[in-house]
Amino acid sequence: MTWSVFFTDSLLCRCVGITVTLWWTLLIFIIVPAVLGVSFGIRSFYMRALLKIFKWATLRMEIGAKEKNEELYKPYSNGIIAKEPTVSLQQEMQALRGFASSEFELADILCFSRRGVESIVDDEVTKCFSAQELQSWNLLTRSNYNFRHISLRLTVVWGLGVLLRYGVMLPLRVALATTGIILLIVLSTLVGCLPEVQLRSKLSEEVHLMCYRIFVRALTAIITYHNQENKPRNGGICVANHTTPIDVIILANDGCYSLVGQVHGGLMGLLQKAMVKASSHIWFERSEAKDRHLVAKRLSDHVADKNKQPILIFPEGTCVNNTSVMMFKKGSFQVGCTVYPVAIKYDPHFGDAFWNSSKFGIVTYLLRMMSSWAIVCSVWYLPPMNREERESAAEFANRVKSAIASQGGLVDLVWDGGLKRAKVKEDFKKEQQKLYSEVLVGDQDMGDQYRKQLLEET
Amino acid sequence: MGSNKSSVQNVPDVQELIQETGFSASHLQRLYERFHLLDRDQMGRLRVQDFEAIPELAGNPIGDRIIGAFFYPGKDSVDFHDFVRVLAHFQPTDSNTKRKSEEVYNSPNRKLQFAFQLYDQDQDGKISRAELLQVLQELLGIEVTDEQLQSIAERAIKEADLDQDDAISFEEFKKSLEKVDVNRKMRIGFLS
């Protein structure tokens, strides 16, 4: 009896011992390169291998579906309906009645009702706030629509994938992330104690980069930076499209930025306090954040000091699902300094990075991220932009937004990201009413412009 | 974790809906997902607020009327069946070749009925002058004066009202729209 217990005990001990040693070796294997900024190319190899497996998986599903004589459900990222190329209300009305008549017709309601129902079935804004759909399956349950077509072989592969992701990768990543956070807090505080400014700023940069490199490995983020000659410099503001809180890690991995944000409590608050000891970040109390002048002043004070790092801001104000860019809030464009636009585009095949804050809390979201295959993204540094003479801040913001959208291959939308939670303003309806009234009351072509001017003057 | 994407098996009474509305299984699949996306509190039914949350619809001058068209009188929420039945009106007329009767949702007659009901809010079978004025008010807002509104309504009724009862009945409405290609105007291209 005791002999068997002893045997299992020592076996258990040995197993635990091996696991721990393995763990530590792997940890060192990853942390040391992170500290030194060296890469072994393991991640790109991993990525290529995964892509091959995904292709195979989709192929197997198609074969499975064909055998059953069914169609594989392919989600359309283009939407549910075939939308005509954006015809304005005026053009549609004129097509309806011919250029002769500009009187009200009972049939006009057909046009409005169709537009209304079209927007119920498919609109630009609502779908920005839900995760993108994939054409091929990436062996994650969360993105599969074709459960019925999974063969036994595929299920086994999927099962292995689950084991790998949750059993090996997730604990490893969590361990890495914890190490990173502890290092960041401890080292930042230590560096902040140094009296000499030069040394302090140099060291804080090193600490910053080192810790963010660890975070990047904790997420298995495979990032490609383009046009690094355009990297943001001191005394400027860096703006980027916002998909997830991880955007900060992606960008901070390649350069030092001053972050802007609200003061949080708990672990986040601790991090914020530690970070601000080593380098200057801009943290606002909740009450201060509402005061636009105060915000603007702190931003301009910061950029005026050429020794301070560039500020990182996400002007959309909310997370959008990386298929489009929503309206940029003009606050950061009013400061009057150089703006460095950055476009970030995630590859959804390896793990959907979008944070749907109405569906998941931050912790659930991070766990999902750490149990995906990887986070693959591309970062483009665009050439710096300055506000032109006659340009208003809002126009400047739009210009930057278009540049980012076209570089990242994203749709450029005029809608405000705040529509995620708030209702649209009355102004939009009034604009539609105005357009319609112009169709009815105004004359065609030349007369139209003249009429508009007259109406505006009276 | 767990998947929250529905499969066709989750669409309730899918065969019945296919027969009734003429949508294909994959159409219904997509519409079901759209329904879920709009259903913010995941109750399985849509309420007025869920529709009002769509920015493009909120900017449509007759947005509230269109929303109202989904709700049966007395009910304050829409289930997937009701949702799809209204959308079926906007299918192209020629698509549903299985049932050529007048019962089909996307027949020209049913489309016209839908449009008529947008005007005729009290469902008495006639568009009264007051109802017409109301629609014009919604479409034009403050852009035109009251006198202009009155004159537009006056003209519209005079042209359409054949039996001189100061209101437009459904038959008169149909006659007034007989030159309009209703199928083309009230058609949404659902991708399969």
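What volume does the second largest pocket have? The second largest pocket comes to about 790 Å³. Before you select anything, know that this is a predicted model, where local features need pLDDT of at least 70, side-chain atom pairs count only at pLDDT 80 or more, and totals for chains, interfaces and linings use all residues. Residues are numbered from 1 along each chain as its sequence is written, chains are lettered from A and ligands numbered from 1 in the order in which they are written, and side-chain values use heavy atoms, with hydrogens and water left out.

**Stop one: the pocket**

Select A:Ile30, A:Ile42, A:Tyr46, A:Met169 and A:Thr220, which lie nearest the centre of the second largest pocket among its 29 lining residues. A pocket here, found on a 1 Å grid over the protein atoms alone, is an open set of points with protein on both sides within 12 Å along at least five of seven lines; a cavity is a set where a 1.4 Å probe fits but cannot get out, and lining residues have an atom within 4 Å of a point. Grid points are joined across faces, edges and corners, and a volume is the space filled by probe spheres set on the points.

Now colour α1 (2-36), α2 (42-67) and α5 (152-192) of chain A, the elements that give two or more residues to this lining. The largest share, 9 residues, comes from α5(A). Helices are DSSP runs (H or I, at least four residues), and strands (E) have at least two; both are numbered from the N terminus. By class, the lining holds 22 nonpolar, 4 polar and 3 charged residues. Ala, Val, Leu, Ile, Met, Phe, Trp, Tyr, Cys and Pro count as nonpolar, Asp, Glu, Lys and Arg as charged, and the others, Gly among them, as polar.

**Stop two: the largest cavity**

Next, look inside: there are 4 cavities of 30 Å³ or more, and the largest has about 110 Å³ of space. Pick A:Ser188, A:Ser204, A:His208, A:Ser279 and A:His281, the closest to its centre of the 14 residues that line it. α6(A) gives the most to this lining, with 5 residues. The lining of the largest cavity has 7 nonpolar, 6 polar and 1 charged residues.

**Stop three: α5(A) meets α11(A)**

Axes are lines fitted to C-alpha atoms, for helices over the stretch in contact, and angles run from 0 to 180 degrees between N-to-C directions. Angles under 35 degrees count as roughly parallel, over 145 as roughly antiparallel, 65 to 115 as roughly perpendicular and the rest as oblique. Show A:Leu170, A:Arg173, A:Val174 and A:Ala177 from α5(A), which meet A:Leu367, A:Met369 and A:Met370 of α11(A); contact means heavy atoms within 4.5 Å. By class, that is 6 nonpolar, no polar and 1 charged residues.

**Stop four: over to chain B**

Select helix α5 (residues 63-70) and helix α7 (residues 108-119) of chain B, packed at about 120 degrees with axes 10 Å apart. The contact is made by B:Arg65, B:Ile66 and B:Ala69 of α5(B) and B:Phe114, B:Leu118 and B:Tyr119 of α7(B). These divide into 5 nonpolar, no polar and 1 charged.

Finally, find α1 (residues 14-21) and α6 (residues 80-88) of chain B, whose axes come within 10 Å and cross at roughly 20 degrees. α1(B) and α6(B) are therefore roughly parallel to each other.
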